[in-house]
Amino acid sequence: MDILSKIKQAGLVGRGGADFPVVKKWSAVAKALADKDAGERKCYVICNSAEGEPGVAKDGYILEHFADKVIDGMKIAIDFLSAEKGFIYLNYSYNKKLNKKLTALLKNSKIEIFIKPINAGYIGGEESAILNAIEGKKIEPRLKPPFPTTAGLWGCPTLINNVETFYNVSLATANQYANKRFYTITGDCPNEGVYELQDNLTIEKLLNQTKNYPKFIFFAQVGGNASGEVLNSSQLKRPVSGAGSIVVYSLTKNNFKKVIKNWLDFFINESCGQCAPCREGIYRLNEIFMKEKIDWALFNNLLDNLSDTSFCALGGSATIPIKSFMKNVYPQIYKKE
Ligand code: SF4
């Protein structure tokens, strides 16, 4: 069976958070390459190891324990596409910890490590910003389309997959893929950590299986500690979305204003400043939120503008935790605030 059929049969989806079918992305790059004139058929492979979302640590864990498999998955992609070169776009702190090990594993391969600049921030992990970083340009998102699959590094078709995705490609190719995924669990729970378990667990089952289901009143943020959706404890019979992370918040330990302020501060710091809705909007949201009497109508209006008009997904994702908190948790718990 060829590699695309194996990936398709395994049902692999991207594990960077978008769940995009891997076979579609690989096929799109192969097609873009085939559409070029014979002399211009150059392409690249990038392993996105930026992992900048707070509360998500599974890519670092995979690189620490299974780097050989990740590199094997990249080599399979490079062979499949006859790519010029591969890059591991590596989180600065992971590089400090793993550079020696990775460098040894990459010997005599077409793959090199590109260290994500320390000032690249959260947006430095967005796929088109990664292209800019490697090309030495300002690290900010590009207008899409064109997508990297057709016009990526130096204008060439480029396959960008996440660490866990390449790990899964390696397993699928060896007929060892067992429908598992990695989850990161953090927050007010006794057994924080990264777990490899079946990929179809509900949030509730995952918390129970890892002995993290709280005995106190709580809410959970799913998919990342910055951009993840917030759910109350009656909404946990749904699958774990995004990058597979859960943050548990005790209602008694956490003041909701501090929690929202942390989200706003994070996005103020991480906005690349390219577009006004995000650069100015999040700043204004924070300003309104810090007033003694919050103008909720204006606050909500700005949130809608932010998700509707931001240039890249970061602006919209800044609204997800706040909107879902206000919808799912605030009315139940803080009616009298
Ligand atoms: S939404 Fe705009 S300012 Fe915010 S990170 Fe994206 S491009 Fe930069």
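How many residues of domain 1 are in contact with domain 2, and how many of domain 2 with domain 1? The views below start there. This is a predicted model, in which local features need pLDDT of at least 70, side-chain atom pairs count only at pLDDT 80 or more, and totals for chains, interfaces and linings use all residues. Numbering runs from 1 along each chain as its sequence is written.

**View 1. Where domain 1 touches domain 2.** The protein splits into domain 1 (3–173), domain 2 (180–250) and domain 3 (256–333), with bounds from an automatic or database domain assignment. Here 12 residues of domain 1 are in contact with 15 residues of domain 2 (contact: C-beta atoms, placed from the backbone, within 7 Å). Helix 3 (residues 58–81) gives the most to the domain 1 side, with three residues (helices are DSSP runs of H or I, at least four residues, numbered from the N terminus). That side has five nonpolar, three polar and four charged residues (nonpolar: Ala, Val, Leu, Ile, Met, Phe, Trp, Tyr, Cys and Pro; charged: Asp, Glu, Lys and Arg; polar: the others, Gly among them).

**View 2. Helix 3 against helix 4.** Helix 3 packs on helix 4 (residues 92–105) at about 20°, axes 11 Å apart (axes are lines fitted to C-alpha atoms over the stretch in contact, and angles run from 0 to 180 degrees between N-to-C directions). The two helices are therefore roughly parallel to each other (angles under 35 degrees).

**View 3. The residues between the two helices.** Helix 3 brings Gly60, Leu63, Glu64, Ala67, Asp68 and Ile71, while helix 4 brings Tyr94, Leu98, Lys101, Leu102 and Leu105. By class, this contact has seven nonpolar, one polar and three charged residues.

Technical notes: Parallel < 35°, antiparallel > 145°, perpendicular 65-115°, else oblique.
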